[in-house]
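Dear colleague,

I am passing on the structure below, and after it you will find my notes on what came out of the analysis. Please read them with the coordinates open.

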Amino acid sequence: MVVAHIVQNTSSTKNRRSMSKKKARTAANTTQVDGDKEMSSGVISPLSSNHTTEDDDLMIEIDPTPALEASSAPTFPALPASATQSTLKSETRRIPIPPHRMTPIKKDWINIFSPLTEILGLQVRMNVQRRCLEIRTSKATTEIGALQKGADFVKAYALGFDVNDAIALLRMDDLYLDSFEIKDVKTLHGDHLSRAIGRIAGQDGKTKFTIENTSRTRIVLADTKIHIMGSFQNIKIARDAIVSLILGSPPGKVYAGLRTVSSRMKQRAL
């Protein structure tokens, strides 16, 4: 009898375990079904929604204009014409003139004075005590960059360029000035330095003229300083040729390189 009682207890525990497992399975199935129903009912039609008229009124009363005003860029009124004229009146420039250019500037004073006053509308005067040329804007000045153009024109003449070549700085916008020394390329002394200058100039200035005509630039040799005027690409072509001459390349090799460069420039122009 004792053994039979123990068997009944074990069978009852097995039945309980099986019932608990069945309940867990049914609960999991019901949760999956409920989840699917919720996903399918995610989009609610306007007829079955629980919104009231009060909610609709609240949604309609929202004003989106403050957000737009906060994100928009600030607006400023336009400057009056008097403000620009006042700034132009106060601008002045002083360009120092080296001693060896004082005599040429006296001879070419009319050619220097007239383009600054007629083309740019600037006021010009020569300060002999300070050895500088002073320019400033006036009421006739209309262009904002007129003062800078005038300063570049006078500076080009002070460096040694001809007046007719320097006037091109006033009429064209893509012209620049570039200056460097021979010692910036290679440190030379004595006869080596004089031979380098002679290679750049050539016999009777032949090499310098060839570089100018090929690269469409203007070059000034002032002792060990070299000044080039032209566009950005043309200045680079002339500078590369001069650097190769300073480093010791023969003029014939430089001429061959300039021929190839000039042919490429003509092809690009076509």
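I begin with R216, which is found in the loop between helix 12 and strand 5 (218-222). Please keep in mind throughout that this is a predicted model. Although R216 is not a glycine, its phi is positive, at about 55 degrees, and with a relative accessibility of 57% the residue counts as exposed, because the cut-off for that class is over 50%. For context, most residues other than glycine have a negative phi.

D204, in the loop that joins helix 11 (191-201) to helix 12 (206-215), is likewise a non-glycine residue with a positive phi of about 55 degrees, and D204 is exposed, its relative accessible area being 74%.

As for the protein overall, it contains 14 helices and 6 strands, and 26% of its 270 residues count as buried. Among contacts with a separation of 6 or more, 57% are between residues 24 or more positions apart. The exposed surface comes to about 19,400 Å², of which carbon and sulfur atoms supply 56%.

The largest pocket, which may be of interest to you, has a volume of about 470 Å³; it is lined by 19 residues, of which Q233, I237, V261, M265 and R268 are the closest to its centre. Helix 13 (232-246) and helix 14 (251-269) each contribute at least two residues to this lining, with helix 14 giving the largest share, 9 residues.

With best regards

Definitions and conventions. Residues are numbered from 1 along each chain as its sequence is written. This is a predicted model: local features need pLDDT of at least 70, side-chain atom pairs count only at pLDDT 80 or more; totals for chains, interfaces and linings use all residues. Side-chain values use heavy atoms; hydrogens and water are left out. Helices (H or I, at least four residues) and strands (E, at least two) are DSSP runs, numbered from the N terminus. Buried means under 20% relative accessible area, exposed over 50%, partly exposed in between (1.4 Å probe, protein chains only). Contact means heavy atoms within 4.5 Å. Accessible areas come from the Shrake-Rupley method with a 1.4 Å probe; for residues, only the protein chains shown count as cover. On a 1 Å grid over the protein atoms alone, a cavity is a set of points where a 1.4 Å probe fits but cannot get out, and a pocket is an open set with protein on both sides within 12 Å along at least five of seven lines; lining residues have an atom within 4 Å of a point. Grid points are joined across faces, edges and corners, and a volume is the space filled by probe spheres set on the points.
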